[in-house]
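Subject: Structure for you to look at

Dear colleague,

Here is the structure I said I would pass on. My notes on what was found in it follow below.

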Amino acid sequence: MAKKKDITSALHEKGGVPQPETLSITVANQLKKSRKKTPTTNELIQGILQKDITALSRAITLVESTAPKHQQQAKEVIEACLPYANKSIRIGITGVPGVGKSSFIEQFGKLLVQKKHKVAVLAVDPSSTISGGSILGDKTRMEELVNEPNAFIRPSASGDSLGGVARKTRETIILCEAAGYDIILIETVGVGQSETAVHSMTDFFLLLKLAGAGDELQGIKRGIMEMADGIAINKADGENVKAAKLARVEFNRALHLYPIKENNWSPKTLMCSAIKNEGILEIWEMISEYMNLNKDNGYFEKNRKEQNKFWLLQTIESTLKSDFYNLPNVKLELKKQFELLDDNKTTPFEAAELLLHKKNSKFKNSP
Ligand code: GDP
């Protein structure tokens, strides 16, 4: 108090100087900062590395933006974060709507936080583009986890293609890792191609299933079974327990029909109840066992390197494709070739050849 008075009186001594507000420089800077609409690239990078959630969220918003200015800034932030990334366990979680993904992630995430991990929950949900809002990774569906200071939940990015949504999620993983999240959960819905995308950006792929009436394997996509590193039969509670046990046997038998995986891991089927919070720890133990095996035999590193190559090629392919279709003369000629095709004046192959080989010309030779 005395000190403050001294300062004030010193100011008065000089005479004519207006009395300053008693606001510390730090607070003033913070206020100035919060009033600023767009933080600088450096502020974002520093914020992320200091584990600031606001900076992380803002950087993710830039990643999700389609504005070229934002994309450029996002690129710079990601590049700066890259050296701090890669230090997490990435777990993909899939299952049909209603299987209990959100309920499971709520319990699983809480368990991981109790174990002193920092957990980020992301989602790949291309359908959110159609429905206009994301249905996965929704905060309102993970009421308790959302209040955990060491959990960060971000709904799925929207985009005009699965490739676009997947790219944004991959970049978001880097930002989350740089912000100190050491476990990344990526949820996706068990329909369409999104599982393949999530599988190729995660270290462990968990399939959530429900017990049925003995026809568990019917309707299940072969590809998904092959991708799964573990299956959890959820809702194994009350009257469902018996059916869940039967389903577990059936899935285990089916899993053994697949060739042994490159890393020598044999996928397991477990049972859990997200609602009763049972069997969740066993799932984490299974994933830990898998991680230890993969880190010891070098598969973890190898797989991540392969995933990087896969995404490099994917990015080239999608960029070439969209660049091609966006060329003004291609747009025009494609329309013309469709009409010719309808009138049986060309064949699909002839038309494709013409479009591909003459993409830079003015298509003078088209029929
Ligand atoms: P999602 O669509 O896969 O995310 O599924 P939700 O987590 O939203 O769950 C769908 C419904 O199943 C909700 O009504 C949940 O309360 C219920 N549910 C989820 N897990 C369990 C469980 O372990 N046991 C039971 N009995 N119900 C569950």
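Lys268 and Glu289 form a salt bridge, with their closest N and O atoms 4.0 Å apart. Because Lys268 lies in strand β7 and Glu289 in helix α12 (residues 280–297), the pair ties together parts that are 21 residues apart in sequence. Both ends are partly exposed: Lys268 has 28% relative accessibility, and Glu289 has 42%. Please keep in mind that this is a predicted model.

The salt bridges number 10. One of them joins Lys261 to Asp229, at 3.3 Å between the closest N and O atoms. That pair links distant parts of the chain, 32 residues apart: Lys261 is in the loop between α11 (240–255) and β7 (268–271), and Asp229 in the loop between α10 (222–227) and β6 (230–234). Asp229 counts as buried, at 5% relative accessibility.

Another runs from Lys302 to Glu262, with the closest N and O atoms 2.2 Å apart. Here helix α13, which holds Lys302, is linked to the loop between α11 and β7, which holds Glu262. Lys302 is partly exposed at 37%, while Glu262 is exposed at 52%. Together with Glu306, these two residues are linked in a salt-bridge network.

As for the ligand, the shell has 15 residues, and Lys101, Ser103, Arg141, Asp237 and Ala274 come nearest. A polar side-chain atom of Ser103 is 2.6 Å from a ligand oxygen; backbone N or O atoms of Gly98 and Ala274 each lie 2.8 Å from one. The protein covers 69% of the ligand's 580 Å² of accessible area.

Best regards

Definitions and conventions
Residues are numbered from 1 along each chain as its sequence is written. This is a predicted model: local features need pLDDT of at least 70, side-chain atom pairs count only at pLDDT 80 or more; totals for chains, interfaces and linings use all residues. Side-chain values use heavy atoms; hydrogens and water are left out. A residue is near a molecule or strand if one of its heavy atoms lies within 4 Å of it. A polar contact is a pair of N or O atoms within 3.5 Å; within protein, one must be able to donate a hydrogen and the other to accept it, and residues adjacent in sequence count only if both atoms are side-chain atoms. Accessible areas come from the Shrake-Rupley method with a 1.4 Å probe; for residues, only the protein chains shown count as cover. A salt bridge is a side-chain nitrogen of Lys or Arg within 4 Å of a carboxyl oxygen of Asp or Glu. Helices (H or I, at least four residues) and strands (E, at least two) are DSSP runs, numbered from the N terminus. Buried means under 20% relative accessible area, exposed over 50%, partly exposed in between (1.4 Å probe, protein chains only).
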